[in-house]
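Please keep the sequence and the coordinates at hand while reading.

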Amino acid sequence: MLERIEIEAFLTLAEVLHFGRTAERLHLSPGRISQTIKALERRIGAPLFHRTSRSVRLTDVGQTLYTALRPAVDDLERAVTTATAAAHRQRTRLTVGFSTPWCGDLVIVAGDRLQEELPGCDVSIQEIQLSQPLQGLRSGEIDIQLSEFPINEPDLVAGPVIFTEPRALLVGTSDPLAACDSITLEDLAQTRLIPVRGNAPDYWQAYHYPAHTPSGRRIPHARPVTYWPETLSLVGAGRGSTIASLRAARYHPHPGVVYLPIEDADPIRYGLIWRADNRTEVLHRFAQIVVKAADV
């Protein structure tokens, strides 16, 4: 049985007919190539190459070996390529979306556990923007996501609530409310909320960025934004306030922003969402793992 280095050295030298270029192509020294060919010739029992100071060419025995060996190696490489492609097709892919870092932490843990349980499953994690909270699901780019409720869409399944977080109002340090330890929903009438611009459902927007206090007082809204860093910068500059999870204070601290708990606000609910026509076993197994991981 020929060794791999013998096969590679012989075939490459037979094709390029130059020891130096053969060595470069195989990332070996010319001396190693020469030694390998000599060892192969001793095994065969005859010279495989005519060598002069100016040229290298195959002997008749070398040509015979090349003619038989090249197709065999090509067949072997095709077999490996075919098997690799078949294995690749059999692998299951699951793309998981998350809307916040604390959601991302949980889905990464769940994805790792799913891959340990199902080694043939590739799990990729992708952030979704609050301005486009459902676009990835509907386009098929995302299979399942952990993000903010409420979701009531006919083509989507709102799965279990995984966890809840208290709501907070983010205000700039110069805002009069910044001196408070906490606020109530009625205090929102004193602010200018900065909402997220995008294609989120109207009921979702109204839930997260209300237009009126419980008593009916109007809550002014500032110009909407698209991305979270915009919101932090605008709040820090005193251009308005916004509502977010209280946990965001740990993940998104800002020197010009104060996080105030809203005493009487319903918590933000985070849950799993997937397309109604996506009923794969891998997806539902992932959902089960997320639920268990959240309880730890």
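Arg138 is partly exposed, with a relative accessible area of 40%; here buried means under 20% relative accessible area, exposed over 50%, and partly exposed in between (1.4 Å probe, protein chains only). The model is predicted, so local features need pLDDT of at least 70 and side-chain atom pairs count only at pLDDT 80 or more, whereas totals for chains, interfaces and linings use all residues. Residues are numbered from 1 along each chain as its sequence is written, and side-chain values use heavy atoms, with hydrogens and water left out.

Arg138 forms a salt bridge with Glu153, the closest N and O atoms being 2.7 Å apart; a salt bridge is a side-chain nitrogen of Lys or Arg within 4 Å of a carboxyl oxygen of Asp or Glu. This pair links distant parts of the chain, 15 residues apart: Arg138 lies in helix α6 (residues 135–139), and Glu153 in the loop between β5 (144–148) and β6 (156–165). Helices (H or I, at least four residues) and strands (E, at least two) are DSSP runs, numbered from the N terminus. Glu153 is buried, at 18% relative accessible area.

A second salt bridge joins Glu165 to Arg247, with 2.5 Å between the closest N and O atoms. Here the partners are 82 residues apart, Glu165 in strand β6 and Arg247 in the loop between β8 (242–245) and α9 (248–251). Glu165 is buried, with a relative accessible area of 9%, while Arg247 is partly exposed at 22%. By the distance rule stated above, the count comes to twelve salt bridges.

β3, α5 and β4 make a right-handed β-α-β unit; right-handed means that, with the strands pointing away from the viewer, the path from the first strand over the helix to the second runs clockwise. Strands β3 (residues 92–98) and β4 (residues 121–127) run parallel and are joined by seven bridges, where pairing requires that DSSP finds at least two bridges between two strands. Within this pairing, Leu94 stands opposite Val123 in β4.

Helix α5 (residues 101–117) has 17 residues and reaches 24 Å from its first C-alpha to its last, close to the 24 Å expected at 1.5 Å a residue; the expected span is 1.5 Å times one less than the number of residues. The buried residues of α5 include Trp102, Leu106, Ala110 and Leu114. An α-helix has 3.6 residues a turn, so residues three or four places apart point the same way.
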